[in-house]
Amino acid sequence: MTRLSVNINKIATIRNARGGNNPNLVQVAIDCERFGAQGITVHPRPDERHIRYQDVLDLKDVVTTEFNIEGNPDDRFIELVKRVKPDQVTLVPDAPDAITSNAGWDTIRNADHLRKLVDTFKSDGIRVSIFVDADERMVDGAKAVGTDRIELYTEPYATHYPDNQEAAIAPFVRAAQRANEIGLDLNAGHDLSLENLRYFNEQIPYLKEVSIGHALICDALYFGLENTIQMYLRCLNRD
Ligand SMILES: CC(=O)[C@@H](O)[C@H](O)COP(=O)(O)O
Ligand SMILES: NCC(=O)COP(=O)(O)O
(Lines give C-alpha, C1' and ligand atoms only; values in the text may rest on other atoms or scores of the structure.)
(Ligands and ions follow the chains in the order given, each with its own letter.)
Protein backbone atom coordinates (compact mmCIF):
# COMPACT_ATOMS: atom_id res chain seq x y z
CA MET A 1 0.00 0.00 0.00
CA THR A 2 1.26 3.47 -0.86
CA ARG A 3 0.55 5.99 1.87
CA LEU A 4 -0.59 9.54 1.18
CA SER A 5 1.14 12.27 3.16
CA VAL A 6 -0.48 15.66 2.65
CA ASN A 7 1.96 18.56 2.42
CA ILE A 8 0.30 21.56 4.09
CA ASN A 9 2.82 24.26 3.08
CA LYS A 10 0.20 25.96 0.89
CA ILE A 11 -2.23 26.23 3.80
CA ALA A 12 0.43 28.23 5.62
CA THR A 13 0.97 30.37 2.51
CA ILE A 14 -2.68 31.39 2.53
CA ARG A 15 -2.66 32.02 6.28
CA ASN A 16 0.46 34.17 6.04
CA ALA A 17 -1.12 36.35 3.34
CA ARG A 18 -3.16 38.17 5.99
CA GLY A 19 -1.07 37.70 9.11
CA GLY A 20 -3.86 36.13 11.19
CA ASN A 21 -4.68 32.50 11.79
CA ASN A 22 -7.10 31.76 8.98
CA PRO A 23 -6.92 29.03 7.82
CA ASN A 24 -5.80 27.43 11.05
CA LEU A 25 -2.89 25.19 10.05
CA VAL A 26 -3.15 22.89 13.05
CA GLN A 27 -6.87 22.36 12.48
CA VAL A 28 -6.25 21.65 8.78
CA ALA A 29 -3.68 18.99 9.71
CA ILE A 30 -6.17 17.37 12.09
CA ASP A 31 -8.85 17.49 9.39
CA CYS A 32 -6.56 16.06 6.69
CA GLU A 33 -6.03 13.06 8.94
CA ARG A 34 -9.76 12.81 9.65
CA PHE A 35 -10.40 12.86 5.89
CA GLY A 36 -8.00 9.96 5.31
CA ALA A 37 -4.47 11.35 4.99
CA GLN A 38 -1.94 8.86 6.30
CA GLY A 39 0.71 11.44 7.00
CA ILE A 40 1.37 15.17 7.25
CA THR A 41 4.37 16.76 5.54
CA VAL A 42 5.80 20.20 6.16
CA HIS A 43 8.80 21.87 4.57
CA PRO A 44 9.97 24.82 6.69
CA ARG A 45 12.22 27.16 4.76
CA PRO A 46 14.68 29.63 6.29
CA ASP A 47 12.54 32.65 5.35
CA GLU A 48 9.45 30.98 6.92
CA ARG A 49 7.43 32.11 3.92
CA HIS A 50 4.93 29.35 4.53
CA ILE A 51 5.59 26.91 7.39
CA ARG A 52 7.03 28.69 10.45
CA TYR A 53 9.33 26.92 12.86
CA GLN A 54 6.69 27.43 15.56
CA ASP A 55 4.14 25.63 13.33
CA VAL A 56 6.33 22.54 13.37
CA LEU A 57 6.40 22.59 17.18
CA ASP A 58 2.62 23.07 17.31
CA LEU A 59 1.98 20.25 14.84
CA LYS A 60 4.10 17.82 16.83
CA ASP A 61 1.37 17.69 19.49
CA VAL A 62 -1.51 16.97 17.11
CA VAL A 63 -0.29 14.81 14.23
CA THR A 64 -1.28 11.24 14.99
CA THR A 65 -0.39 9.66 11.66
CA GLU A 66 3.13 9.97 10.21
CA PHE A 67 4.83 13.33 10.67
CA ASN A 68 7.38 14.08 7.93
CA ILE A 69 9.57 17.18 8.08
CA GLU A 70 11.36 18.06 4.85
CA GLY A 71 14.06 20.63 4.33
CA ASN A 72 17.60 21.72 3.78
CA PRO A 73 19.57 20.56 6.81
CA ASP A 74 21.08 23.84 7.98
CA ASP A 75 21.80 24.21 11.71
CA ARG A 76 18.38 25.61 12.57
CA PHE A 77 16.60 22.82 10.70
CA ILE A 78 18.70 20.13 12.37
CA GLU A 79 17.98 21.58 15.81
CA LEU A 80 14.25 21.78 15.08
CA VAL A 81 14.01 18.21 13.80
CA LYS A 82 15.98 16.81 16.73
CA ARG A 83 13.68 18.69 19.12
CA VAL A 84 10.44 17.56 17.46
CA LYS A 85 11.55 14.01 16.69
CA PRO A 86 9.10 13.39 13.81
CA ASP A 87 8.57 9.94 12.37
CA GLN A 88 10.60 10.89 9.31
CA VAL A 89 12.97 13.63 8.17
CA THR A 90 13.48 14.15 4.43
CA LEU A 91 16.73 15.89 3.52
CA VAL A 92 16.34 18.23 0.54
CA PRO A 93 19.24 20.21 -0.97
CA ASP A 94 17.29 23.35 -1.85
CA ALA A 95 18.91 26.77 -1.85
CA PRO A 96 17.35 29.34 0.52
CA ASP A 97 16.21 31.47 -2.43
CA ALA A 98 14.75 28.60 -4.47
CA ILE A 99 11.08 29.10 -5.32
CA THR A 100 10.57 25.41 -4.64
CA SER A 101 12.73 22.27 -4.51
CA ASN A 102 14.34 21.79 -7.89
CA ALA A 103 16.83 18.89 -7.65
CA GLY A 104 17.86 15.90 -5.60
CA TRP A 105 21.15 15.45 -3.74
CA ASP A 106 24.38 14.48 -5.39
CA THR A 107 24.77 11.65 -2.90
CA ILE A 108 28.30 10.86 -4.04
CA ARG A 109 29.78 14.33 -3.80
CA ASN A 110 27.98 14.99 -0.49
CA ALA A 111 28.55 11.54 0.99
CA ASP A 112 30.44 12.62 4.14
CA HIS A 113 27.96 15.38 4.92
CA LEU A 114 24.96 13.11 4.37
CA ARG A 115 26.46 10.26 6.40
CA LYS A 116 26.85 12.55 9.43
CA LEU A 117 23.29 13.81 9.06
CA VAL A 118 21.87 10.31 8.71
CA ASP A 119 23.75 9.23 11.84
CA THR A 120 22.60 12.20 13.90
CA PHE A 121 18.92 11.75 13.04
CA LYS A 122 18.94 7.96 13.29
CA SER A 123 20.56 8.16 16.72
CA ASP A 124 17.38 9.98 17.80
CA GLY A 125 15.17 7.25 16.32
CA ILE A 126 14.06 9.39 13.36
CA ARG A 127 13.68 7.62 10.02
CA VAL A 128 15.74 9.37 7.33
CA SER A 129 14.82 9.83 3.69
CA ILE A 130 17.10 11.50 1.13
CA PHE A 131 15.62 13.42 -1.80
CA VAL A 132 17.22 12.21 -5.05
CA ASP A 133 16.76 12.44 -8.79
CA ALA A 134 15.78 9.27 -10.65
CA ASP A 135 19.39 8.24 -11.19
CA GLU A 136 20.64 4.82 -10.13
CA ARG A 137 24.07 6.22 -9.16
CA MET A 138 22.38 8.61 -6.73
CA VAL A 139 20.30 5.74 -5.35
CA ASP A 140 23.47 3.71 -4.72
CA GLY A 141 25.09 6.76 -3.13
CA ALA A 142 22.12 7.19 -0.79
CA LYS A 143 22.36 3.56 0.28
CA ALA A 144 26.08 3.99 0.97
CA VAL A 145 25.46 6.80 3.50
CA GLY A 146 23.05 4.65 5.51
CA THR A 147 19.68 6.27 4.82
CA ASP A 148 16.48 4.30 5.45
CA ARG A 149 14.65 5.64 2.43
CA ILE A 150 14.94 7.83 -0.60
CA GLU A 151 12.35 10.19 -2.01
CA LEU A 152 12.40 10.36 -5.80
CA TYR A 153 12.06 13.94 -7.09
CA THR A 154 9.13 13.57 -9.48
CA GLU A 155 8.97 16.99 -11.13
CA PRO A 156 10.59 15.71 -14.38
CA TYR A 157 8.04 12.87 -14.45
CA ALA A 158 5.16 15.32 -13.99
CA THR A 159 6.49 17.63 -16.71
CA HIS A 160 6.92 14.92 -19.33
CA TYR A 161 3.89 12.80 -18.43
CA PRO A 162 1.39 14.64 -20.69
CA ASP A 163 3.58 14.10 -23.78
CA ASN A 164 4.84 10.56 -23.26
CA GLN A 165 3.93 8.55 -20.16
CA GLU A 166 6.25 5.63 -20.93
CA ALA A 167 9.28 7.85 -21.48
CA ALA A 168 8.44 9.94 -18.43
CA ILE A 169 8.23 6.97 -16.08
CA ALA A 170 11.19 4.96 -17.46
CA PRO A 171 14.02 6.47 -15.35
CA PHE A 172 11.80 6.28 -12.26
CA VAL A 173 11.12 2.58 -12.80
CA ARG A 174 14.86 1.94 -13.12
CA ALA A 175 15.69 3.96 -10.01
CA ALA A 176 12.89 2.27 -8.05
CA GLN A 177 14.06 -1.20 -9.11
CA ARG A 178 17.58 -0.34 -8.04
CA ALA A 179 16.36 0.89 -4.64
CA ASN A 180 14.37 -2.30 -4.18
CA GLU A 181 17.35 -4.51 -5.12
CA ILE A 182 19.63 -2.87 -2.56
CA GLY A 183 17.04 -2.73 0.21
CA LEU A 184 16.13 0.96 0.25
CA ASP A 185 12.53 1.93 0.92
CA LEU A 186 10.99 4.36 -1.50
CA ASN A 187 9.00 7.60 -1.30
CA ALA A 188 8.20 10.04 -4.09
CA GLY A 189 7.04 13.59 -4.43
CA HIS A 190 6.89 16.91 -6.22
CA ASP A 191 4.19 17.94 -8.66
CA LEU A 192 2.30 14.68 -8.33
CA SER A 193 -1.35 15.27 -9.16
CA LEU A 194 -4.69 13.66 -9.95
CA GLU A 195 -3.54 13.53 -13.56
CA ASN A 196 -0.26 11.66 -13.10
CA LEU A 197 -0.44 9.86 -9.73
CA ARG A 198 -2.30 6.68 -10.62
CA TYR A 199 0.08 5.75 -13.43
CA PHE A 200 3.13 6.46 -11.29
CA ASN A 201 1.83 4.24 -8.51
CA GLU A 202 0.86 1.44 -10.91
CA GLN A 203 4.30 1.42 -12.52
CA ILE A 204 6.25 1.50 -9.26
CA PRO A 205 5.02 -1.30 -7.02
CA TYR A 206 7.57 -0.70 -4.27
CA LEU A 207 6.35 2.78 -3.43
CA LYS A 208 5.84 3.30 0.31
CA GLU A 209 4.67 6.92 0.40
CA VAL A 210 3.90 9.97 -1.70
CA SER A 211 3.87 13.49 -0.30
CA ILE A 212 1.62 15.86 -2.20
CA GLY A 213 0.88 19.50 -1.57
CA HIS A 214 0.58 22.01 -4.36
CA ALA A 215 -1.78 20.16 -6.71
CA LEU A 216 -3.84 18.67 -3.89
CA ILE A 217 -4.52 22.03 -2.26
CA CYS A 218 -5.36 23.53 -5.68
CA ASP A 219 -7.81 20.67 -6.33
CA ALA A 220 -9.35 21.21 -2.89
CA LEU A 221 -10.45 24.70 -4.01
CA TYR A 222 -12.78 23.02 -6.48
CA PHE A 223 -13.64 19.68 -4.85
CA GLY A 224 -13.26 20.41 -1.13
CA LEU A 225 -10.53 19.01 1.08
CA GLU A 226 -12.26 15.80 2.16
CA ASN A 227 -13.33 14.88 -1.37
CA THR A 228 -9.92 15.70 -2.76
CA ILE A 229 -8.04 13.56 -0.25
CA GLN A 230 -10.38 10.68 -1.06
CA MET A 231 -9.75 11.18 -4.79
CA TYR A 232 -5.98 11.01 -4.26
CA LEU A 233 -6.36 7.92 -2.09
CA ARG A 234 -8.30 6.23 -4.88
CA CYS A 235 -5.37 6.88 -7.25
CA LEU A 236 -3.18 4.94 -4.83
CA ASN A 237 -5.51 1.97 -4.56
CA ARG A 238 -4.02 -0.88 -6.60
CA ASP A 239 -7.00 -3.24 -6.23
C1 LIG B 1 10.78 18.34 -1.41
C2 LIG B 1 9.64 18.74 -2.22
O3 LIG B 1 9.56 18.46 -3.39
C4 LIG B 1 8.52 19.50 -1.60
O5 LIG B 1 8.69 19.70 -0.26
C6 LIG B 1 8.34 20.79 -2.24
O7 LIG B 1 9.58 21.42 -2.31
C8 LIG B 1 7.32 21.64 -1.57
O9 LIG B 1 7.87 22.83 -1.13
P10 LIG B 1 7.15 24.21 -1.45
O11 LIG B 1 5.74 24.10 -0.95
O12 LIG B 1 7.95 25.23 -0.70
O13 LIG B 1 7.19 24.39 -2.93
N1 LIG C 1 7.96 15.98 -1.05
C2 LIG C 1 7.07 16.58 -1.96
C3 LIG C 1 6.02 17.33 -1.25
O4 LIG C 1 5.96 17.33 -0.05
C5 LIG C 1 5.00 18.07 -2.01
O6 LIG C 1 5.45 18.59 -3.21
P7 LIG C 1 4.32 19.33 -4.10
O8 LIG C 1 3.16 18.38 -4.27
O9 LIG C 1 3.89 20.56 -3.34
O10 LIG C 1 5.01 19.63 -5.39
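**Notebook: annotated sites and a helix pair**

I began with His 50 and listed its contacts beyond four places in sequence: His 50 touches Asn 9, Ala 12, Thr 13 and Asn 16. Contact here means that the C-beta atoms of two residues, placed from the backbone, lie within 7 Å. The model is predicted, so local features need pLDDT of at least 70 and side-chain atom pairs count only at pLDDT 80 or more, whereas totals for chains, interfaces and linings use all residues. Residues are numbered from 1 along each chain as its sequence is written, and chains are lettered from A and ligands numbered from 1 in the order in which they are written.

**Entry: binding site**

I looked up the UniProt record, an unreviewed entry, and it places a "binding site" at Arg 45, His 50 and Thr 100. These residues are spread over 56 residues of sequence, but they cluster in space, with a largest C-alpha distance of 11.5 Å. I keep in mind that such annotations may be inferred rather than shown by experiment.

I found His 50 in the loop between β2 (39–42) and α3 (53–60). Helices (H or I, at least four residues) and strands (E, at least two) are DSSP runs numbered from the N terminus. His 50 counts as buried because it has 22 C-beta neighbours inside 10 Å. The cut-offs are 20 or more other C-beta atoms within 10 Å for buried, 12 or fewer for exposed, and in between for partly exposed.

I then went to Thr 100, in the loop between β4 (88–91) and α5 (111–122). With 13 C-beta neighbours inside 10 Å, Thr 100 counts as partly exposed.

**Entry: active site**

The unreviewed UniProt entry also gives an "active site" that covers His 43, Glu 70 and His 190. I note that they span 148 residues in sequence, yet no two of their C-alpha atoms are more than 12.0 Å apart, so they gather at one spot.

I located Glu 70 in strand β3 (residues 66–71). Glu 70 is buried, with 29 C-beta neighbours inside 10 Å. Leaving aside neighbours within four places in sequence, I list Thr 41, His 43, Thr 90 and Val 92 as contacts of Glu 70.

His 190 is in the loop between β7 (185–189) and α9 (197–203). His 190 is also buried, since 24 other C-beta atoms lie within 10 Å. Beyond four places in sequence, I find His 190 in contact with Ser 101, Tyr 153, Thr 154 and Glu 155.

**Entry: α10 and α11**

Two packed helices are described by the angle between their axes and the distance between the axes. I read off an angle of about 125° for α10 (residues 214–223) and α11 (residues 225–235), with the axes 7 Å apart. That angle makes α10 oblique to α11.

In α10, Leu 216, Asp 219, Ala 220 and Phe 223 meet Leu 225, Asn 227, Thr 228, Met 231 and Tyr 232 in α11. I sorted the residues of this contact into six nonpolar, two polar and one charged.

I found Ala 215, Leu 216, Ile 217 and Ala 220 buried in α10. Their cover includes β1 (3–7), α1 (9–16), β8 (207–212) and α11. After α10 comes Gly 224, with a positive phi near 85°.

**Entry: Asn 201**

Last, I checked Asn 201 in helix α9. Asn 201 is partly exposed, with 18 other C-beta atoms within 10 Å. Asn 201 and Met 1 are 200 residues apart in sequence, and their C-alpha atoms are 9.7 Å apart in space. With neighbours within four places left aside, Asn 201 is in contact with Thr 2, Leu 207, Cys 235, Leu 236 and Arg 238.

Terms used:
Axes are lines fitted to C-alpha atoms, for helices over the stretch in contact, and angles run from 0 to 180 degrees between N-to-C directions. Angles under 35 degrees count as roughly parallel, over 145 as roughly antiparallel, 65 to 115 as roughly perpendicular and the rest as oblique. Ala, Val, Leu, Ile, Met, Phe, Trp, Tyr, Cys and Pro count as nonpolar, Asp, Glu, Lys and Arg as charged, and the others, Gly among them, as polar.
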